[in-house]
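Hi everyone, thanks for coming. Let me put the structure up, and then I'll walk you through one part of it.

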Amino acid sequence: KEVNISNLAGVPSVVYGILGLAIFVRFFGLDRSLLAGSLTMSLLILPVIIISSREALRAIPQSIRFGSLALGATTWQTIWHHVLPPAIPGILTGVILAMSRAIGETAPLIMIGALTYVAFLPETPMDPFTTLPIQIFNWASRPQEAFQEVAAAGIIVLLVSVLNKPLAFPALTLANARP
């Protein structure tokens, strides 16, 4: 099991796009919708979250678990009060890394058929969509100055969203997980 999850974390994002196209768009008939894109990106980030969560939970010494159980706590109380609190920084680190990867990925969404230009906001999960990098490219390629300004604003939003994760949570690293 562990080898399989590790292998999935190293799979190129285009392969996840092909998988999303085959399963969500074609098999389940979700077409080129926001829901199909969301499910595809969920598959992309899931292995990273699983691996980091597993390592964060393994970093908690068995002695803490055994001590809690020896003092009469139930298994659920041991997990909830003694294992999860020190493991949360490591788990959140994995979530932040996975979300940063998802924000920067465009290839899987292009594979499932993200539109190249959208002049409207999706209102339901079944509406068509595009990715921010594609939208920025389209805005930047238009000759009107207003589109250039919107492209610059989109670039700033993308940069802030990617760079803000490590800046907002500097203490959330696997090295800071308490043993």
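So, in which helix is Thr40 found? Thr40 is in helix H3; helices here are DSSP runs (H or I, at least four residues), numbered from the N terminus. Quick housekeeping: this is a predicted model, where local features need pLDDT of at least 70, side-chain atom pairs count only at pLDDT 80 or more, and totals for chains, interfaces and linings use all residues. Residues are numbered from 1 along each chain as its sequence is written, and side-chain values use heavy atoms, with hydrogens and water left out.

Okay, back to Thr40. Thr40 is buried, with a relative accessible area of 0%; buried means under 20% relative accessible area, with a 1.4 Å probe and protein chains only. Leaving aside neighbours within four places in sequence, Thr40 is in contact with Tyr16, Gly17, Gly20, Phe24, Pro108 and Ile112, contact being heavy atoms within 4.5 Å.

H3 covers residues 34-58, so 25 residues, and spans 36 Å from its first C-alpha to its last, close to the 36 Å expected, which is 1.5 Å times one less than its number of residues. There's a kink of about 35° at Ile45, shortly before the proline Pro47; that bend is the angle between axes fitted to the seven residues ending there and the seven starting there. Buried residues of H3 include Met41, Leu44 and Ser53. And what covers the buried residues of H3? Helices H1 (2-9), H2 (13-27), H5 (75-104) and H6 (107-111) are included in that cover.

Definitions and conventions:
Helices (H or I, at least four residues) and strands (E, at least two) are DSSP runs, numbered from the N terminus. Buried means under 20% relative accessible area, exposed over 50%, partly exposed in between (1.4 Å probe, protein chains only).
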